[in-house]
Amino acid sequence: MDLNPNLDLMYLVFFIFILLVVLLNRWLYTPMLDFLAKRANLVDDENLETLRYRDEIQAIRNEAQQILQDAKNQAKTMIDNAEKESSANYVEKFENAKNKIKVHFETLEKECDDEMKVLRQELHGKMQEIVGALDQKFEIAGDSK
């Protein structure tokens with residue numbers, strides 16, 4: 001076996017190697033690199049869109065929480081106002097009822113006083129009659145002893 005280098009064969013292998021590199025670059029590596037670049041751009045775009053959606057979702061969540069908080073505050077205000085109004089109505093109704101009872105009591109007291117005066121006058125009018133009847137009873141009771 002001859003170990004002497006054959007220059008023609010070396011040039012031919014070198015030429016075929018360079019031709020292979022050029023052809024592979026043109027038909028394989030360039031389309032594959034273009035595909036990878038497009039894919040990287042697509043992934044970047046999706047990441048940006050995801051971040052934008054995340055920001056939108058956070059804004060919507062914050063808005064919903066604000067609306068909920070406003071609704072809670074409004075409900076609390078409504079409840080407080082209703083309690084104040086109810087309390088005011090209760091006090092007013094209580095005072096009205098108290099005044100009605102007081103007026104009714106005073107009317108009844110006056111009627112009782114008037115009746116008592118009438119009864120006293122009747123009693124004074126019949127006093128002589130009662131005293132006479134009692135005297136008769138005492139006399140009868142004293143005679144029977």
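Student: Which side chain meets Glu56 in a salt bridge?

Tutor: Start with the general idea. Side chains of opposite charge can pair when their charged atoms come close. Now the case here. This is a predicted model. In it, the side chain of Glu56 meets that of Arg52 in a salt bridge, at 3.4 Å from N to O.

Student: Why are Glu56 and Arg52 about one helical turn apart?

Tutor: Count along the chain. Glu56 and Arg52 are four residues apart in helix 1, which covers residues 7-143, so about one helical turn separates them.

Student: Are Glu56 and Arg52 buried, exposed or partly exposed?

Tutor: Look at relative accessibility. Buried means under 20%, exposed means over 50%, and partly exposed lies in between. Glu56 has 38%, so it is partly exposed. Arg52 has 43%, so it is partly exposed as well.

Student: How many salt bridges does the rule count?

Tutor: The count is three. Another joins Lys76 and Asp80, with the closest N and O atoms 3.3 Å apart. Both lie in helix 1, four residues apart, or about one turn of the helix. Lys76 is exposed, at 52% relative accessible area. Asp80 is partly exposed, at 27%.

Student: Where does Asp114 find its partner?

Tutor: At Lys110. Their side chains meet in a salt bridge, 4.0 Å from N to O. The cut-off is within 4 Å. Asp114 and Lys110 are also four residues apart in helix 1, about one turn. Asp114 is partly exposed, at 35%. Lys110 is exposed, at 54%.

Student: How many helices and strands does the protein have?

Tutor: One helix and zero strands. Now take the overall spread. The radius of gyration is 59 Å, well over the 15 Å that the globule rule gives for 145 residues, so the protein is more spread out than a compact globule.

Student: What box do the C-alpha atoms fill?

Tutor: Read the box along the principal axes. Here it is roughly 190 × 35 × 15 Å. A pair of residues gives another view. Ile67 and Gly132 are 65 residues apart in sequence, and their C-alpha atoms lie 94 Å apart in space.

Student: Is Ile67 buried or exposed?

Tutor: Ile67 is exposed, at 52% relative accessibility. Ile67 is found in helix 1. Now widen the view. Buried residues make up 0% of the 145 residues in the protein.

Student: What is the accessible surface of the protein, and how much of it belongs to carbon and sulfur atoms?

Tutor: The surface comes to about 14200 Å². Carbon and sulfur atoms account for 62% of that.

Student: How many positive and negative side chains are there?

Tutor: There are 19 positive and 27 negative side chains. Then ask where each set is centred. The centres of the two sets lie 4 Å apart.

Student: Which residues does UniProt list as a transmembrane region?

Tutor: The unreviewed UniProt entry lists residues 12-29 under that name. Compare the record with the model. In the model, that span is 100% helix and 0% strand, and its end C-alpha atoms lie 24 Å apart.

Student: Which residues does UniProt list as a coiled-coil region?

Tutor: Residues 54-111, again from an unreviewed entry. The span is 100% helix and 0% strand in the model. Its end C-alpha atoms lie 84 Å apart.

Conventions
Residues are numbered from 1 along each chain as its sequence is written. This is a predicted model: local features need pLDDT of at least 70, side-chain atom pairs count only at pLDDT 80 or more; totals for chains, interfaces and linings use all residues. Side-chain values use heavy atoms; hydrogens and water are left out. UniProt positions are given in the numbering used here, feature names are shortened, and annotations may be inferred rather than shown by experiment. Helices (H or I, at least four residues) and strands (E, at least two) are DSSP runs, numbered from the N terminus. Buried means under 20% relative accessible area, exposed over 50%, partly exposed in between (1.4 Å probe, protein chains only). The radius of gyration is taken over C-alpha atoms; the globule rule is 2.2 Å times the number of residues to the power 0.38. Accessible areas come from the Shrake-Rupley method with a 1.4 Å probe; for residues, only the protein chains shown count as cover. Lys and Arg count as positive and Asp and Glu as negative; His and the chain ends are not counted. The place of a charge is taken as NZ of Lys, CZ of Arg, CG of Asp or CD of Glu.
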